Amino acid sequence: MGSGFRRSHHRHEPRRLRAVVAGLVFAIAPVVAGAPGAGPAGAQSTSSGSVTGFGDAAPYGAPPGSQLNAPVVGMASTPDGKGYWLLGADGGVFTYGDAGFYGSEGGSGVATPFVGIARTSDGHGYWVAGDFGNVYPFGDATQLGGPGSLNAPVVGIAATPKGMGYWLVAADGGVFSFGSARFYGSMGSKALNAPVVGMASTPGGHGYWLTTTDKQLPPPTPVPSVLAQCNYPGAPPAVQPGTIVLACGDDNALLTHLTWSSWTSTTAAATGDYTYNTCNPYCARGRFVSTPASVHLGYPIETGAGREFAMISFTYADPSAPGGSFTETRVAPTSAG
């Protein structure tokens with residue numbers, strides 16, 4: 001166990017995850033982040049928390065899956081490459097090697113999924129970023145701001161070499177610069193066939209790379225107003241619906257009893273329940289159970305029914321680990337056209 005390890009207050013058993021959208025990973029043990037500066041190839045982390053080193057990068061440890069409240073979604077190395085931090089989707093920070101622990105958002109109750117971590121130049125602090133663009137500084141990191149509004153969730157953060165600024169990148173390719181970070185361009189004005197899932201800066205800080213996933217989405221449009229009622233033929237699109245069907249065709253997974261705290265031109269947020277069929281011994285004989293959930297919508301697109309949200313992210317209490325939580329992000333059902 002590395003120094004400064006943040007022990008979870010509740011057990012969360014590892015789960016099989018499903019696909020990549022908006023920087024949250026849905027494959028079995030996918031690689032979610034590299035640690036720049038940790039060697040020629042760098043160490044890499046997976047959503048289950050395991051770390052593998054390549055080249056002269058040494059693995060210094062990883063959290064056991066049973067001690068994770070949420071999947072690992074980000075990684076950053078110390079300046080000398082002799083340690084690293086891992087970030088959980090719940091904001092928890094895990095430290096290994098010579099990485100110091102300076103605080104985390106784990107257990108803070110912040111509902112937004114966290115998506116990335118970047119360190120300061122001396123390694124005595126770090127920033128963690130959430131998908132709504134909220135950035136939290138720890139140690140000698142300072143708060144430099146965040147985007148006022150978003151067309152798509154934030155999926156990554158990168159710091160400048162001197163640690164006096166950072167960039168955020170959103171799933172639609174938009175780049176936001178803060179502090180000493182300069183803006184060199186973005187893909188936000190382009191019609192992307194697949195969402196951006198991460199970014200990295202050049203060593204001099206005079207440029208950056210963006211990378212996309214192969215999960216295709218329609219091109220974004222600026223103002224959403226409705227959500228498709230996916231498997232209700234003839235039903236009109238909904239604004240602030242009380243129920244969202246997740247398993248179109250069989251109704252075996254739904255978000256129910258939704259109460260919306262916001263519904264804007266770019267995002268929407270609600271709380272309610274994640275209701276699903278246990279399908280035990282099989283779906284026709286299964287029973288429905290519900291667990292509290294928080295819901296975020298984003299990535300507006302133009303459809304045959306009007307402007308609709310095309311991305312949905314929800315965090316729910318995991319019934320297999322009381323007190324734990326699990327976040328899923330996926331393409332939302334949308335109307336044809």
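The paragraphs below take up confidence, the sheet, the cores, the aromatic pairs and a few backbone features in turn.

The model is predicted. Its chain has a mean pLDDT of 76, and 76% of the residues reach 70 or more. Residues 1–47 have a pLDDT below 50, and in the model this stretch makes 160 contacts beyond near neighbours in sequence.

An open sheet is built from 6 strands in the order β17-β18-β19-β20-β21-β22, and the pairing is antiparallel. The edges are taken by β17 (244–245) and β22 (325–331); each has a single partner strand, so one side of each lacks a neighbour in the sheet. The partner of β17 is β18 (residues 253–263), and the two run antiparallel, joined by 2 bridges. Within this pairing, Ile244 stands opposite Leu255 in β18.

Ile244 and Leu255 come up again in the packing. The largest nonpolar core has 23 residues, and those touching the most other members are Ile244, Leu255, Tyr274, Leu297 and Ile312. Two or more residues each come from β18, β19 (268–277), β20 (288–303) and β21 (306–317). Of the elements, β18 gives the most to this core, with 5 residues. Which residues does Ile244 touch, not counting those up to four places away in sequence? They are Leu227, Leu254, Leu255, Leu258, Trp260, Leu297 and Ile312. Another core lies apart from the largest one; it has 15 residues, among them Ala152, Trp167, Ala171 and Tyr208.

Aromatic rings are the next topic. A pair of aromatic rings is described by the distance of the centres and the angle of the planes. The model has 16 aromatic pairs. In one of them, Tyr60 and Tyr84, the ring centres are 5.9 Å apart and the planes are at 55°, so the pair is tilted. Tyr60 sits in the loop between β5 (51–52) and β6 (72–77), while Tyr84 belongs to strand β7 (residues 83–88), so the pair ties together parts that are 24 residues apart in sequence. The two residues can also be described by accessibility: Tyr60 is partly exposed, with a relative accessible area of 34%, whereas Tyr84 is buried at 2%.

Another pair is formed by Tyr274 and Tyr276, whose ring centres are 5.2 Å apart with the planes at 25°, so this pair is stacked. Tyr274 counts as buried at 9% relative accessibility. Tyr276 has a relative accessible area of 19%, and because buried means under 20%, Tyr276 is also buried. Elsewhere, ring pairs link Trp85, Tyr102, Tyr126 and Phe138 into a cluster.

The loop between β5 and β6 also holds Asn69. Is Asn69 buried or exposed? At 11% relative accessibility, Asn69 counts as buried. The C-alpha atoms of Asn69 and Gly106 are separated by 8.8 Å, although the residues are 37 apart along the chain.

A hairpin can be followed in strands β10 and β11. Strand β10 (residues 125–130) pairs with strand β11 (residues 135–139) in the antiparallel sense, over 5 bridges. The hairpin has 4 residues between its strands, and Gly133 in the turn has a positive phi of about 90°. Asn134 is in the loop between β10 and β11. Its side chain makes a polar contact with the side chain of Tyr136, at 3.1 Å. Leaving aside neighbours within four places in sequence, Asn134 is in contact with Val110, Thr112, Val128 and Ala129.

Asn280 and Pro281 are joined by a cis peptide bond, with omega about 5°. Pro281 lies in the loop between β19 and β20. His257 has a positive phi, near 55°, in a residue other than glycine. This residue is in strand β18, and at 58% relative accessibility His257 counts as exposed. Tyr299 also has a positive phi near 55° in a residue other than glycine. Tyr299 is found in strand β20 and is buried, with a relative accessible area of 0%.

Terms used
Residues are numbered from 1 along each chain as its sequence is written. This is a predicted model: local features need pLDDT of at least 70, side-chain atom pairs count only at pLDDT 80 or more; totals for chains, interfaces and linings use all residues. Side-chain values use heavy atoms; hydrogens and water are left out. pLDDT is the predictor's confidence in each residue, from 0 to 100. Contact means heavy atoms within 4.5 Å. Two strands pair if DSSP finds at least two bridges between them. A nonpolar core is a set of buried Ala, Val, Leu, Ile, Met, Phe, Trp, Tyr and Cys residues joined through side-chain atoms within 4.5 Å. Buried means under 20% relative accessible area, exposed over 50%, partly exposed in between (1.4 Å probe, protein chains only). Rings of Phe, Tyr and Trp (its six-membered ring) pair if their centres lie within 6.5 Å; planes under 30 degrees apart count as stacked, over 60 as edge-to-face and the rest as tilted. A polar contact is a pair of N or O atoms within 3.5 Å; within protein, one must be able to donate a hydrogen and the other to accept it, and residues adjacent in sequence count only if both atoms are side-chain atoms.
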